[in-house]
Amino acid sequence: MRISGVVGFLFASLCLAGCSSTSGVDALQMPSNETTSSVVRPSASVPKGMRTVVTERTVETASMSGAARMKPPAPLLDEENASSGEDSAGAIDENSHPGDGTSRPFGLAEEETVNFPPQGLPDNAEPPVQEAALVSPPKRLSRAAPAMLAGPVTRYAFRDAKPINFGRASPRHLAVHGVDVSRWQGDINWGKLRAQGANFAYIKATDGGDHLDPMFMRNWRNADAAGLKRGAYHFFYWCRTAGEQADWFIRNVPKVDGALPPVIDVEWNGDSSCQRRPSREKVLEKMQVFMDKLERHYGQRPIIYTSPDFYRDNLRGAFPDYPFWLRAVAAHPSKVYPGRKWVFWQYSGSGLSHGVSGRIDLNVFHGDERQWQAWFGGGGQMVADAD
């Protein structure tokens, strides 16, 4: 009796244990209150990345619709029917196209560069403007320019459509020749131009406060790839502030090792929509503001390019500690600019060369090959004697 009672008790206990088991379907559907230490939970209800995306979209919208956005570039003008606007740095000579055999107005910035629209946008659409890109300083290129002392000097082999006999003062007696170019030269074969004797090139970059030469970046990269020393020049526009123009140049011209010093091109341009001719005092003040900004940014003292009439009106005796690049196509600079020290001489506006269709400006460095290398070694800061 006692044994049967014990057996019955054990049987009843086993039945109760089976009924309370959690192996059924209902038990699998119960939520668990446990947490796994390997799972990292967000510290806030809204992820930080999501908030960032929303903020960026808001900024982009504001930059396109706000009152402070930049004026979008004007549509590309037909060169045959181009006309200058109020913000132009100089009127386009309709008859002065590359290769047509006609002469262009003198000087580095003989033309006004037209704006060109972004690709893939309808005519009535405003291009998007990113505020951060407009205020940030230009980034260095990923590949540095060639070493300053690399490569031998290529000897002079240019021709001239209107040769001048300079006598014993001929630029041919100097060793290091080069060119200056803009969009008027079209698509340049830089390898052929280098073989003709172009050791350096000054490339038109900007004029005024809102014009960029459409060929600048292509010329900038291809000249470097062909082994030329390259620099950029800006045509100064007397109807814009100097600060605006310096900022525009800095935004568009990369800061790279091995580049030539930047150039400010100052001259009177009778074809420009801006006919203002400030006083000598105002001219010098504007130039100083512009050059100071460029020197702080690039770490190189800018070179002053000028022509005889502008020099006579404004620059005699001014800026003795700045390097000069002088235009003198009929006589040696010592006769046209008495007493002025200079580094570059633009001796022809009618040069001819393989690799370029039409005429090209020819220039020469004031010194021999050794002095050329020394000038680069000093960062382009040496000022040559006037003789």
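Before anything else, a note on naming: helices (H or I, at least four residues) and strands (E, at least two) are DSSP runs, numbered from the N terminus. I count residues from 1 along each chain as its sequence is written, and my side-chain values use heavy atoms, with hydrogens and water left out. This is a predicted model, where local features need pLDDT of at least 70, side-chain atom pairs count only at pLDDT 80 or more, and totals for chains, interfaces and linings use all residues.

**Confidence.** I checked pLDDT, the predictor's confidence in each residue, from 0 to 100. The protein averages 73, and 59% of the residues score at least 70. Over residues 15-107 the pLDDT is below 50, and this stretch has 116 contacts (heavy atoms within 4.5 Å) beyond near neighbours in sequence. Residues 109-150 also have a pLDDT below 50, with 97 such contacts in the model.

**L228.** I found L228 in the loop between α6 (216-225) and β5 (229-235). Is L228 buried or exposed? L228 is buried, at a relative accessible area of 2%; buried means under 20%, exposed over 50%, partly exposed in between (1.4 Å probe, protein chains only). Leaving out residues up to four places away in sequence, I listed what L228 touches: W190, R194, A198, N199, F200, A201 and A223.

**Strand β3.** I went on to β3 (residues 200-207), where eight of eight residues are buried. Two strands pair if DSSP finds at least two bridges between them. β3 pairs in the parallel sense with β2 (residues 177-181) over four bridges, and V181 stands opposite I203. β3 and β5 are parallel too, over seven bridges, with K204 partnered by Y233. β4 (residues 211-212) runs antiparallel to β3, joined by two bridges, and there T206 stands opposite L212. In the hairpin of β3 and β4, three residues lie between the strands, and G208 takes a positive phi near 65°.

**α8 and α9.** The axes of α8 (residues 280-298) and α9 (residues 308-315) come within 9 Å and cross at roughly 100°. I take axes as lines fitted to C-alpha atoms, for helices over the stretch in contact, with angles from 0 to 180 degrees between N-to-C directions. That makes α8 roughly perpendicular to α9, a label for 65 to 115 degrees; under 35 is roughly parallel, over 145 roughly antiparallel, and the rest oblique. R280, V283, L284 and M287 in α8 meet F310, D313, N314 and L315 in α9.

**F319.** My last stop was F319, in the loop between α9 and β8 (324-327). F319 is buried at 10% relative accessible area, and its phi is positive, near 50°.
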